[in-house]
Amino acid sequence: MAIPIPSRQLFINGNWTEPLLKKHIPIINPSTEEIIGDIPAATAEDVDVAVEAARRALTRNKGKDWATASGAVRAKYLRAIAAKRKPELAKLETVDCGKPLKESEADMDDVISCFEYYAELAEGLDAKQKAPISLPLKAFKSHVIKEPIGVVGLIVPWNHPLLMAIWKVAPTLAAGCAAILKPSETCLELGEVCREVDLPVGVLSILPGLGPEAGAPLASHPPC
Ligand SMILES: NC(=O)c1ccc[n+]([C@@H]2O[C@H](COP(=O)([O-])OP(=O)(O)OC[C@H]3O[C@@H](n4cnc5c(N)ncnc54)[C@H](O)[C@@H]3O)[C@@H](O)[C@H]2O)c1
Ligand SMILES: NCCCC=O
């Protein structure tokens, strides 16, 4: 299948960024074994930069840009990302994974449904915020405040690259967290879509790379 392979870098703080150690990995089409491009390979140094960017995204403008924005505001971004349906994404997944185009196309439909599902949950959060809890003693008042847990690392496998990423990205963003996504050894076009919808910078970074070099430092990154 002939399709131009976009040349991308790591997606950090809203920008395509060269990995600090300048490592790259070839992309091999499994059905032809041809090298069809290369992707940047993140290391611990890049993970640190992305985590810092994510922390800033959560506190910028006193949190109002993301973490304490209403669920409805975050849902707008999720729906905007879902609306940026890109027909070339299914083709890219097929040349990247070596699987039938029909399966990749079905995955793209699932990606959109997943964003819409979590957008609806994000909208529902607003009505549940500060829900009162009834207590036996009238002198006391209690209510539930739902808060995002903070910066999260998301590590996903190779065989449904975008769909499996979205299963984690959509609920994370809906809840108001910021995320560092470590896809398998594939580079996701998701970063470009985030730029197109003006997702607040740092809310989602994408660091492809090898498991031990990029996944392990993300999984073991100390909490703030
Ligand atoms: N992919 C699936 O659909 C699927 C389904 C059921 C079970 N599994 C099981 O999941 C496991 C992983 O298989 P896979 O094919 O999904 O693997 P994969 O090679 O796609 O790896 C999954 C992710 O883990 C990362 N990783 C690898 N080593 C790491 C490390 N040391 N620290 C942090 N991250 C690391 C990889 O880079 C990748 O992002 C296997 O045990 C497999 O049997 C996978
Ligand atoms: N339909 C996609 C299933 C993904 C793996 O469990």
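1. Two helices each give at least two residues to the shell around ligand 2: helix H4 (101-128) and helix H5 (161-175). H5 gives the most, with three residues. Helices here are DSSP runs of H or I with at least four residues, strands are runs of E with at least two, and both are numbered from the N terminus. The model is predicted, so local features need pLDDT of at least 70, side-chain atom pairs count only at pLDDT 80 or more, and totals for chains, interfaces and linings use all residues. Residues are numbered from 1 along each chain as its sequence is written, chains are lettered from A and ligands numbered from 1 in the order in which they are written, and side-chain values use heavy atoms, with hydrogens and water left out.

2. Which residues surround ligand 2? They are Asp107, Asp110, His160, Leu163, Met164 and Trp167. A residue is near a molecule if one of its heavy atoms lies within 4 Å of it. Taken alone, ligand 2 exposes 230 Å², and the protein buries 54% of that. Areas come from the Shrake-Rupley method with a 1.4 Å probe; for residues, only the protein chains shown count as cover.

3. Sort the shell of ligand 2 by class. There are three nonpolar, one polar and two charged residues. Ala, Val, Leu, Ile, Met, Phe, Trp, Tyr, Cys and Pro count as nonpolar; Asp, Glu, Lys and Arg are charged; the others, Gly among them, are polar.

4. Check the polar atoms at ligand 1. A polar side-chain atom of Trp158 is 2.9 Å from a ligand 1 oxygen. A polar backbone atom of Gly211 lies 3.4 Å from an oxygen of ligand 1. For Ala216, a polar backbone atom is 3.4 Å from a nitrogen of ligand 1. Alone, ligand 1 exposes 820 Å², of which the protein buries 43%.

5. Asn159 deserves a look. This residue sits in the loop between strand E7 (151-155) and H5. Is Asn159 buried or partly exposed? Its relative accessibility is 26%, so Asn159 counts as partly exposed. Buried means under 20% relative accessible area, exposed means over 50%, and partly exposed lies in between (1.4 Å probe, protein chains only). Asn159 and Val47 are 112 residues apart along the chain, and their C-alpha atoms are separated by 23 Å.

6. Thr94 belongs to helix H3 (residues 87-97). Thr94 counts as buried because its relative accessibility is 10%. Its side chain makes a polar contact with the side chain of Ser104, at 2.7 Å. A polar contact is a pair of N or O atoms within 3.5 Å; within protein, one must be able to donate a hydrogen and the other to accept it, and residues adjacent in sequence count only if both atoms are side-chain atoms.

7. How many aromatic pairs are there? The count is three. Phe11 and Trp16 form a tilted pair, 5.1 Å centre to centre with 55° between the planes. Rings of Phe, Tyr and Trp (its six-membered ring) pair if their centres lie within 6.5 Å; planes under 30 degrees apart are stacked, over 60 edge-to-face, the rest tilted. Phe11 is buried, with a relative accessible area of 3%.

8. Last, the whole chain. The chain has seven helices and nine strands. Buried residues make up 45% of its 224 residues.
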